[in-house]
Amino acid sequence: MERRSNFDLDAPRCPSDAGSKLGLDLEEFPSSLPDSITFLALLSFSSILRPFGRGLLNESDNLHNFFHTRFSLYKRAYNHKVVCAIRIMINEAMQKAQHALKYCGKDGQMISLSECHTDAQAYRHLTDNVIFQIYYHQDKSPAFKEAKTLIDRVVFKRDLYTCVFESQPIDPAKFTLQEKQSNEEFIKNTLLETLKLDENSTQSKITTSDFEVQVFKLDFGMESENPIKRLNVYSKRDVKKAMPPDPKNYSRIFDPKEFRELIFRIYSRSRDKNICGQLNKASKKIAEKMKNGDRSS
């Protein structure tokens with residue numbers, strides 16, 4: 001008897017194309033899901049077929065669980081506030097040191113740190129060891145000294161930037177951005193404007209160099225859309241007939257109403273309690289405005 005597949009995904013050019021349509025990367029299954037979830041069974045009954053999207057009806061909950069688990073990992077681990085503080089500081093150190101760090105590229109040409117991504121020969125030299133190359137480099141320029149200080153704070157002293165505020169999940173539609181303005185720039189400008197309105201604030205001492213804004217979006221891989229709705233399902237009673245999934249067949253636990261959110265954090269480069277307190281107070285006002293639907297800066 002011919003073996004039926006529980007999940008038949010369309011791939012016009014290659015298997016990864018099917019995943020992009022669903023926000024589903026099959027390579028992430030082993031690394032994203034804990035052992036308690038039957039992802040191996042899910043994969044063993046999978047194949048690449050046309051037409052787009054066929055899946056066994058009673059496996060919908062497993063896919064919901066996969067998307068939710070990946071969402072949780074990005075929110076709680078990959079974007080943990082300590083991880084992000086380290087990421088910001090390492091990034092700043094590399095930016096300050098890029099003028100002095102050179103790597104041998106194609107035809108012996110020396111490539112700067114920031115341009116290594118354009119040369120495969122130079123790019124292969126970029127490893128985790130780059131942070132120690134910065135720390136033990138003999139360059140005496142002020143920018144390089146700042147880079148060394150940042151590496152020292154991260155690696156040896158664990159003196160990280162302070163997360164003074166983390167917002168609750170926000171609807172990304174709450175942001176009204178001007179042309180070419182990023183989410184980070186919008187929040188920075190709004191934060192400074194809020195500090196100006198506070199008569200008791202030390203805004204005269206606070207500039208954009210005193211804090212860093214981090215914004216990250218989380219979704220199920222398809223912005224605000226539920227990726228499961230793009231996967232047609234079939235019943236064992238009729239394996240040749242595929243149709244859109246019926247929400248009535250979903251578990252109530254794995255049936256969220258929203259599939260996209262945005263969170264922002266404010267990091268203070270200074271440990272001054274007064275500055276941290278003012279940044280925290282102003283950030284709370286911004287978050288409250290967004291919660292109430294006020295999108296003006």
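Y136 is placed in the loop between α7 (130-135) and α8 (142-157), where helices (H or I, at least four residues) and strands (E, at least two) are DSSP runs numbered from the N terminus. The model is predicted: local features need pLDDT of at least 70, side-chain atom pairs count only at pLDDT 80 or more, and totals for chains, interfaces and linings use all residues. Residues are numbered from 1 along each chain as its sequence is written, and side-chain values use heavy atoms, with hydrogens and water left out.

With a relative accessible area of 53%, Y136 is exposed; the classes are buried (under 20% relative accessible area), exposed (over 50%) and partly exposed (in between), with a 1.4 Å probe and protein chains only. Together with F132, V155 and F156, Y136 makes a nonpolar surface patch of about 380 Å². Patches are made of residues with over 30% relative accessible area and no salt bridge, like charges being joined within 9 Å and nonpolar side chains (Val, Leu, Ile, Met, Phe, Trp, Tyr) within 5 Å. Accessible areas come from the Shrake-Rupley method with a 1.4 Å probe, and for residues only the protein chains shown count as cover.

The chain as a whole contains 10 helices and 10 strands. Of its 297 residues, 43% are buried. The chain exposes about 17,500 Å², of which carbon and sulfur atoms supply 50%. Among contacts (heavy atoms within 4.5 Å) with a separation of 6 or more, 74% are between residues 24 or more positions apart.

The largest nonpolar core comprises 25 residues, and L101, Y103 and I134 have the most contacts inside it. Helices α5 (81-97), α7 and α8 each supply at least two residues of this core, and α5 gives the most, with seven residues. A nonpolar core is defined as a set of buried Ala, Val, Leu, Ile, Met, Phe, Trp, Tyr and Cys residues joined through side-chain atoms within 4.5 Å. When neighbours within four places in sequence are left aside, the contacts of Y103 are Q109, M110, I111, L113, C116, A122, H125, L126, V130 and Q133. A second, separate core has 22 residues, including I187, L192, L195 and L279.

Side chains of opposite charge can pair when their charged atoms come close. A search of the whole structure finds nine salt bridges, each defined as a side-chain nitrogen of Lys or Arg within 4 Å of a carboxyl oxygen of Asp or Glu. One of these joins the side chains of R265 and E166, at 3.3 Å from N to O. R265 lies in strand β10 (residues 260-268) and E166 in strand β6 (residues 162-166), so the pair ties together parts that are 99 residues apart in sequence. R265 counts as buried at 2% relative accessibility, whereas E166 is partly exposed at 35%.

A salt bridge also links D152 and K157, with an N to O distance of 3.2 Å. In this pair D152 is buried, its relative accessible area being 16%, while K157 is exposed, with a value of 57%. Within helix α9 (residues 183-197), E193 and K196 are three residues apart and hence separated by about one helical turn. Their side chains meet in a salt bridge of 3.9 Å, N to O. E193 is partly exposed, with a relative accessible area of 38%, and K196 is exposed, with 53%. Finally, salt bridges link E92, E212 and R269 in a network.
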